[in-house]
Amino acid sequence: TRQVARITAAIETAPGRFVITELGYTDMDGNAPYSAFREPHIQVSYIFSYAPLIGTSALPWTTTASITATRRAYRGPDPVAQPFSARTDTGWRASLVNTVPLNRDLSLQFQLDYSDTTSNIPNFSNTNTSGTLAVIWKY
């Protein structure tokens with residue numbers, strides 16, 4: 001069973017520019033204590049739209065930059081990975097997304113992500129960098 005609570009606040013700082021903050025809490029009951037966790041998180045995003053830098057489309061481009069922080073506390077130790085200590089992870093994620101409309105029905109989306117997870121059990125600590133290019137078609 002997963003229970004999630006979120007509070008989101010948004011403010012328009014200027015025309016086409018927004019700051020959005022989300023506070024959240026997830027309570028996940030797993031099949032065993034080592035897979036069940038509680039996780040508060042905070043995310044801050046800045047979204048801004050602007051005139052196209054190239055091309056002839058009159059539709060605005062939109063960029064979103066966001067940072068997320070999480071802390072995941074597991075309810076019990078994993079008998080295989082660390083039988084005497086419950087796992088606790090602290091995570092950070094930064095994301096940059098740019099959406100470029102080509103026309104009303106077709107857009108390109110570029111996304112870059114970086115995440116860093118630190119755990120009290122070293123084999124669960126990691127960093128990850130990813131990029132995505134997508135075509136978005138509205139039908």
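Predicted model: local features only at pLDDT ≥ 70, side-chain atom pairs only at ≥ 80, totals over all residues.
Buried means under 20% relative accessible area, a cut-off that will come up in several of the views below.

**View 1. Trp 61 and its aromatic neighbours.** With a relative accessible area of 9%, Trp 61 is buried. Together with Tyr 46, Phe 48 and Tyr 50, Trp 61 makes up one aromatic cluster. The structure holds five aromatic pairs. In one of them, Tyr 46 and Phe 48 have ring centres 5.4 Å apart and planes at 35°, so this pair is tilted. Tyr 50 and Trp 61 pair edge-to-face instead, at 6.3 Å centre to centre and with 65° between the planes. That pair links distant parts of the chain, with Tyr 50 in strand 3 and Trp 61 in strand 4, 11 residues apart.

View 2. Seven strands line up in the order 1-2-3-4-5-6-7, with antiparallel pairing. Strand 1 (2-14) and strand 7 (126-137) are at the edges with a single partner strand each, so one side of each has no neighbour in the sheet. From one strand to the next, the twist averages 15°.

**View 3. Strand 4 and its two partners.** On one side, 12 bridges join strand 4 (residues 61-78) to strand 3 (residues 37-50), and the two run antiparallel. Here you can find Thr 64 as the bridge partner of Ile 47. Strand 4 also pairs with strand 5, in the antiparallel sense over 14 bridges, and Thr 68 stands opposite Arg 93 of strand 5. Three residues lie between strand 4 and strand 5, which form a hairpin.

View 4. Asp 89 belongs to strand 5 (residues 82-101). Its relative accessibility is 7%, so Asp 89 counts as buried. The side chain of Asp 89 makes a polar contact with the side chain of Ser 119, at 2.7 Å. Residues that Asp 89 touches also include Thr 70, Arg 72, Tyr 74 and Phe 124.

**View 5. Two arginines over rings.** The charged end of Arg 72 sits over the ring of Phe 37, 3.9 Å from the ring centre. Likewise, the charged end of Arg 87 sits over the ring of Phe 124, 3.8 Å from its centre.

Notes. Residues numbered from 1 in each chain as written. Heavy atoms only, no water. Helix = DSSP H or I, 4+ residues; strand = E, 2+ residues; numbered from the N terminus. Buried < 20%, exposed > 50% of the residue type's maximum accessible area, 1.4 Å probe, protein only. Polar contact = N/O pair within 3.5 Å; in protein donor to acceptor, adjacent residues only side chain to side chain. Contact = heavy atoms within 4.5 Å. Pairing = 2+ DSSP bridges. Axes fitted to C-alpha atoms, helices over the stretch in contact; angles between N-to-C directions. Phe/Tyr/Trp six-rings, centres within 6.5 Å; stacked < 30°, edge-to-face > 60°. Lys NZ or Arg CZ within 6 Å of the ring centre and 35° of its normal. Lists of a residue's contacts leave out its neighbours within four places in sequence.
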